[in-house]
Amino acid sequence: MEKFSSFVAIIMTAQIWRVMKKKVIAVLVLSLILIFALIGCDVKLEKIQLAMGSDTKLKTLILTDIKFDGTSADDVRERIITSLVNQREPEFIAINGNIVNAENNGEVMKKAVKFIDSFGIPWATSIGELDVKGNTPKKKIVKILTDKSLKNSMVLHGESYEYNYILEVVDTKSSIKHLFYFIDTSERCSDELVEWYTNTIKNISFKNVDKKGNMLKSEVFINKPLPVYTENTDAINSNGYEVSVWENSAIFENAILNSNSTKAVYAGTDNLANGAYHRKKEILFAYVISMAFDSSMKGTDYDMQKRKVGGSYYDFTDSSSLDSLSSIRKLPDDFKESVS
């Protein structure tokens, strides 16, 4: 009887071991999958560094609200942008969003970014409300912006929070000099976004203090403006426009004002406020000259907007004076040759 009991015990132990062995193997396999997945995410979301030239400058053309729409007016938009690039010879093109404005936004976006990429100049963009207002959802729009066929796109999927990301601007010695924040304003501002921004300031800017004790500079590129833009009464009174503030963004504005890192915010959207800027707590809040104009190439909207079409230009340096932000204006009428 004792032998039989021992035999049964051995069989049961063996069966238990088999079950346990399967569970151990399953846990190990799942662990390995998780590790590889995390490694894959790190690679995918790796920060991109943007290098200044040998003159320690990053010559930047800033565009906003281009609004490619698939009409014949897109040819005029391309001609104007080409003229801006040839005139200023930038080393980087920053776009504040609303590259497209079309129901078939995905199709129009593919063509638009292929054109922008053709200059052979590094470029990046924020997500604007109109970019994702169409048949193609935001996730697929971002996929288009990050497609590997685009050799000069520096757009990232979003490092820690949604579709917001950072570019590190470095000098010839690979020392970080600026952080460029590209912010998605297609949805209302949230606490999570602010937390991501402040954590980044804490983890990167605080750790990159120069010999004089100055914190690492950062700049923010957004489409919809912050509430502080309503304080620019000179621009409001002279242009007669209403500021289209980004919803719930007062919390982000406060984080910027208290950051000791962000030196400038560049916004788009409010077409009639182009080129206006003012300061608060030594931070520059600027409107970028818009590329927006009515696609019909005629009528009241076109007459009103065409005088404001163009871009903004800035040299980012180690010790830059943000007063040197300049505006470049073009008249669409001068580029209408091939438009019927």
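**Exercise 1.** Which residue forms a salt bridge with Lys-224, and how far apart are the closest N and O atoms?

*Before you start.* This is a predicted model, where local features need pLDDT of at least 70, side-chain atom pairs count only at pLDDT 80 or more, and totals for chains, interfaces and linings use all residues. Residues are numbered from 1 along each chain as its sequence is written, and side-chain values use heavy atoms, leaving out hydrogens and water.

*Solution.*
- Step 1: recall the term: a salt bridge is a side-chain nitrogen of Lys or Arg within 4 Å of a carboxyl oxygen of Asp or Glu.
- Step 2: the partner of Lys-224 is Glu-129, with the closest N and O atoms 3.3 Å apart.
- Step 3: this pair links distant parts of the chain, 95 residues apart: Lys-224 lies in the loop between β7 (217–221) and α6 (233–239), and Glu-129 in the loop between β4 (123–125) and α4 (138–145). Helices (H or I, at least four residues) and strands (E, at least two) are DSSP runs, numbered from the N terminus.

**Exercise 2.** Find which side chains meet Lys-306 in salt bridges, including Asp-333, and decide whether Lys-306 is buried or exposed.

*Solution.*
- Step 1: Asp-333 meets Lys-306 at 2.8 Å, N to O.
- Step 2: Asp-303 also meets Lys-306, at 3.9 Å, N to O.
- Step 3: Lys-306 has 16% relative accessibility, so Lys-306 counts as buried. Buried means under 20% relative accessible area, exposed over 50%, partly exposed in between (1.4 Å probe, protein chains only).
- Step 4: Asp-333, at 35%, is therefore partly exposed.
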